[in-house]
Amino acid sequence: RQARDFVLKMIVVDPNRRWSAAKLLSHPWMTSQDVRDDHLMATAKKFKRYNAARKLRSAVRTIIVIQRMQRSFNNTSKAKASPSKNAYRASQLDTRAMHVR
């Protein structure tokens, strides 16, 4: 409730009714000594685990992209090295397409 009251006092549109920064700092929610950090510690652990998993996923995706690029580069360099083989394959595809029609 105190947090809600604090936010409501901050977002008042009328500047004359809105609390000043100094007054907000003296709000009971800000000055309260009843702060439990056990929930914060658990959240921090979850956040660290999430970030580690996110970084790992990013690294794996990067490796996959690099491998795909290398395969693509290798395929194009092989195609340039033996154009007659590709021409033969293309002619085979054309004849197969003619038989299918």
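Me: Helices (H or I, at least four residues) and strands (E, at least two) are taken as DSSP runs, numbered from the N terminus. Where does H27 lie?

Reply: H27 sits in the loop between α2 (21–25) and α3. The model is a predicted one, in which local features need pLDDT of at least 70 and side-chain atom pairs count only at pLDDT 80 or more, while totals for chains, interfaces and linings use all residues. Residues are numbered from 1 along each chain as its sequence is written, and side-chain values use heavy atoms, with hydrogens and water left out.

Me: Is H27 buried or exposed?

Reply: H27 is buried, because its relative accessibility is 2%, and buried here means under 20% relative accessible area, with exposed over 50% and partly exposed in between (1.4 Å probe, protein chains only).

Me: Which residues is H27 in contact with, leaving aside its neighbours within four places in sequence?

Reply: Those contacts, meaning heavy atoms within 4.5 Å, are with Q2, D5, F6, K9 and W19.

Me: D5 and K9 both turn up there. What do their side chains form?

Reply: They meet in a salt bridge at 3.3 Å, N to O, where the term asks for a side-chain nitrogen of Lys or Arg within 4 Å of a carboxyl oxygen of Asp or Glu. A search of the whole structure finds one salt bridge. In general, side chains of opposite charge can pair when their charged atoms come close.

Me: How are K9 and D5 placed in helix α1?

Reply: They are four residues apart in helix α1 (residues 2–10), which means that about one helical turn separates them. K9 is partly exposed at 22% relative accessibility, and D5 is also partly exposed, at 29%.

Me: Changing topic, how many aromatic pairs does a search of the whole structure find?

Reply: The search finds one aromatic pair. F6 and W29 form this pair, which is tilted, with 5.2 Å centre to centre and 40° between the planes. Rings of Phe, Tyr and Trp (its six-membered ring) pair if their centres lie within 6.5 Å, and planes under 30 degrees apart count as stacked, over 60 as edge-to-face and the rest as tilted.

Me: Which parts of the chain does the pair link?

Reply: It links distant parts, with F6 in helix α1 and W29 in helix α3 (residues 28–31), 23 residues apart. F6 is buried, with a relative accessible area of 9%, whereas W29 counts as partly exposed at 41%.

Me: And W19, what lies over its face?

Reply: K23 lies over the face of W19, at 4.7 Å from the ring centre, given that NZ of Lys or CZ of Arg must be within 6 Å of that centre and within 35 degrees of the ring normal.

Me: Stepping back, how many helices and strands does the protein have?

Reply: The protein has five helices and zero strands, following the pattern α-α-α-α-α along the sequence. Buried residues make up 4% of its 101 residues.
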